[in-house]
Structure formats: structure tokens, C-alpha cells
Amino acid sequence: MLKVMITRIKGTQDISYEDIGYWHYVEEAIRNISHNYAFTEIRTPIFEATELFQRSVGESTDVVQKEMYTFEDKGGRSITLRPEGTASVARAFIENSFVNLGSPIKLFYNGPMFRYEKPQAGRLRQFHQFGAEILGSESPLADFEIIEMAYSFLKELRLNKAKLFINSVGCPKCREDYKTALKKYYSDKLPEMCSDCQRRYETNVLRLLDCKVDRERVAGAPSILDYLDVDCRSHFEELQWYLDKAGIQYEVDQFMVRGLDYYSRTAFEVRSSSLGSQDQLVGGGRYDGLIEYIGGKSCPAVGFAIGLERIIMLLKSENSKAGIPRGPEVAVLTFGREESVKGFDYARRLRKAGVSTYVDVMERNMRNKMKHAARIGAKISLIIGKEEIERDIVTVRVMSDGSQFQVDSDYMVDYVVDKLRDIT
Ligand code: HAM
């Protein structure tokens, strides 16, 4: 038979021995902070109708134009693997009439997202986001809480070097004048600009500000902040007032428009220079028009999403011990049939007492079993051979120093639990 090697798809990862400790650590932090802030989890499908993302994220964005995993299912429907979570949350909010639960609704999610981007460090085609959304509040208090939650999460993980950038992209009303000013600014530069920019000049001129190719022209462009109407300006000032009061440091980045079309008023990002070229760790903002735009009743909302792969890259670069995988507490090493029956019985008793217990199911000599127990990081080995069966005892070996104790089988569980307490 021809041997074939099937490999994983470019831009995806197998997360296991090396990194799984980091993932568990971060996932636990997500559950803790979400519970702490009283956000309820939502799990939406991984695929949705393509139209949802076309409408929400926006036809003129890179995400919709270049990065979506879109396919036709057997029923002829156009389906897309979700490139982000906000559109799905907005859809679920409408479809499940969450509005009837009273405002605001505070939701969080954590799961895989898919974007057909060029893979590189910190940029994958399947990546994971932890996101949080507050739906139903127009107040800058909601913007503040969302930013504070993202900030606390990073603090909890001791990622203190990342920097917060904020901006206001105004509401559709004040954005019209700004778009006109931008068009004027770019009109004579357009012939030298990239083909995407030339197209976006007509479809959504704001996108020219986050073009990855034509960056250097942004510096001289007009600032959205000069075009904000009274309400948008005061909303932005209020947010800054709350951030100042909380001692959360930030910088206003007047050219940040974010790569998704649904934003209005607040936009923010947290960036970390330790991440290299993919420096954006958190992205978020307000999307007051989205729910109505996809068929619901008008409902203001604000949220953030954090890329978990980037969080883990930072944890690793800071030499965090968080990712050290937890080995079993006890390894049960037996030799022979009767001994193995006894071994499984001991394992059952230990597990019932809450002790993580690994049974070596290979039929090999004791020396090799011991080597294996050390390799998987067991703290204690239980050795059960002929002598142990005959005398109804068990040999308890402390792996860190090789000390061994023979214990009456009736007292085995208590002895092991005490010993574990002593050595950890
Ligand atoms: P976003 O800025 O597109 O925002 O993505 C948020 C975060 O997801 C980024 O800061 C980054 O950490 C991570 N990320 C994005 N693309 C990739 C990739 N290809 N590989 C690895 N990580 C990636 C959103 O998705 C919005 N839904 C955020 C939001 C929530 N706005 C309001 N509510």
C-alpha cells in the first residue's frame, strides 16, 4: 500500500503537550474574569450564513473581500466559517429576543475563528478569540467597563507592557463630512496608491486609513476628531474621564478606524511591541448601528475580542511558568496479572479521593516503567510486584528523591494524600 503523509492545513495548529498548559491557564483566566464581571457565556455556531458577515463586517473590508472561508453546502446555501464573533452575537441577540431579558445584556465567548490570511508568527488561519459584548447601553459607562475588563484580564495574566489606544470614529452623521474631507485629501494621491485603495476610495474611503500598503500617507490626513458632532465628542470625552479616574493609561490614535465596518464612536486596540509585526492583542469598540442593520430593533452595543494565540506568545516570551503542563500526581506501576488487578483497584481508590492517577498499561520491566513515570512528571509511583501482593502492601516511591516506603494496603490512600501534601 502506498504510504501517504497527511499534514495539517497551513495556518492551523495542533495544540498539545508543549502548549496545552498555557491554554488551560488562559481558559481558566477567561472563565474567572467573565464570572467576576458577571458576563454570561454564549456559544454560537462556528459557521453562519455568508450574508451575516458581508453585512456586518462590511463588503469593503479585507476580512470580507479576501479572508473568508466561504463554501456552498449541499443545499446550495452560501456558508462562511466565522471570521469573528461580534456578528454572530448580534444575530443571536436578535434571533433569541435577548432584548426581552432586560438591558443591558452582557455576554462573553471563547472559540475558534477563521481568516484566510498569510500565516506568520501570531497570525493564523484558525485562531481563537475571547470576546465580551455589552448590548443595550449607549452610555460611555459601557465602553469603560468593556475596556476595563480587557485591561484587568491582561493584568491578571501579568501582561502589563501592552498599550491601550483609543479613538472615536463618530456616528454615521458626523462621518459623512469626514469622508468628504478624506476624499479631498486623497484625490490627488490616488493614482500612486495600491489597487485596493483605489477601489476603496469609492466604496469606503475610511478603509484607506488602515491600508497595510499605503501607510505613510496617513500622517497628513484630516483627523476624524475634528469632525465629531457634539454628542459624539462628549461621549468620547466621558469615556476618557472614566479611564483617567481609573488610572488606565491610554493614547488617542486619531487615525485608528479598525478593520471592520460596523464601528461607531469608540474604537480601541491594545498593542504590544513584544508581538512583532502582528502587534494587536485586543480589538474592540462600539457598534450602535449593527443590530438594526442586520434586522433587529435599534440597539447600541460595545465589545472587545482578544486573540489567544497572541496572549500565549506573550506569556511564553515573558518566561511565564503558566504553561508547565501538570503531570499526574501518582503513577501506578504493576508487573503481572494479579498485580495489575490490584493496581487498577488502587487507582480507583486514589481517583475517588481526587488524586490524578496514571496507570501504566504497557507490559514492560519495572526499570522502564519507572523511567516512563519520571518522564510524564508523576510525583509519586506506586509499585506493585509479587512481594507487595504476598504481604498485602504497596511500595510508595517519591520520584523527586527516590525515597521508598512500604505501606499497608488499607492505609495506602491516606498515606499517599499526606505524602503529596508534604512534597508539593
Ligand atoms: P479584530 O481586531 O479583528 O476584532 O480581532 C481581535 C483580535 O483577534 C486581534 O487583536 C488579534 O489578537 C486576534 N486576531 C485577529 N486575526 C487574527 C489572526 N489571523 N491570527 C491570530 N489572531 C488574530 C474583532 O474580531 C472584533 N469582533 C472585536 C470586537 C468585539 N469588536 C466589538 N466587539
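What you have open is a predicted model, where local features need pLDDT of at least 70, side-chain atom pairs count only at pLDDT 80 or more, and totals for chains, interfaces and linings use all residues. Residues are numbered from 1 along each chain as its sequence is written, and side-chain values use heavy atoms, with hydrogens and water left out.

**Stop one: strand 12**

Select residues 330-334, which make up strand 12. Helices (H or I, at least four residues) and strands (E, at least two) are DSSP runs, numbered from the N terminus. Is this strand buried or exposed? Five of its five residues are buried, so strand 12 is largely enclosed by the rest of the structure. Buried here means under 20% relative accessible area, exposed means over 50%, and partly exposed is in between, using a 1.4 Å probe and protein chains only. Show the side chains: Val 330, Val 332 and Thr 334 point one way, while Ala 331 and Leu 333 point the other way.

Two strands pair if DSSP finds at least two bridges between them. Look for Ala 331 with its bridge partner in strand 13, Tyr 358. Then bring in strand 14 (residues 380-384), which pairs with strand 12 in the parallel sense over five bridges. There, Ile 380 stands opposite Val 330.

**Stop two: helix 11**

Select residues 337-352 for helix 11, which forms a right-handed β-α-β unit with strand 12 and strand 13. Right-handed means that, with the strands pointing away from you, the path from the first strand over the helix to the second runs clockwise.

Next, select helix 14 (residues 412-423), which packs against helix 11 at an angle of about 55°, with the axes 10 Å apart. Axes are lines fitted to C-alpha atoms, for helices over the stretch in contact, and angles run from 0 to 180 degrees between N-to-C directions. The two helices are therefore oblique to each other; under 35 degrees counts as roughly parallel, over 145 as roughly antiparallel, 65 to 115 as roughly perpendicular and the rest as oblique.

**Stop three: a hairpin**

Go to strand 3 (residues 69-72) and strand 4 (residues 78-81), an antiparallel pair joined by four bridges. Tyr 69 stands opposite Leu 81. This hairpin has five residues between the strands, and Gly 76 takes a positive phi near 80°.

Most residues other than glycine have a negative phi, and most peptide bonds are trans. Select Ser 103 and Pro 104: the peptide bond joining them is cis, with omega about -5°. Pro 104 is in the loop between helix 4 (86-95) and strand 5 (105-114).

Ser 97 is found in the loop between helix 4 and strand 5. Its phi is positive, about 50°, and Ser 97 is partly exposed at 35% relative accessible area. Arg 258, in the loop between strand 8 (251-252) and strand 9 (266-271), has a positive phi of about 65°. Arg 258 counts as buried, at 8% relative accessibility.

**Last stop: the cysteines**

How many disulfides are there? The count comes to zero, a disulfide being a pair of cysteine sulfur atoms within 2.5 Å. Select Cys 174: its closest cysteine sulfur, in Cys 171, is 3.6 Å away, too far for a bond. For Cys 197, the closest is in Cys 211 at 3.4 Å, also too far for a bond. Cys 197 is buried, with a relative accessible area of 1%.
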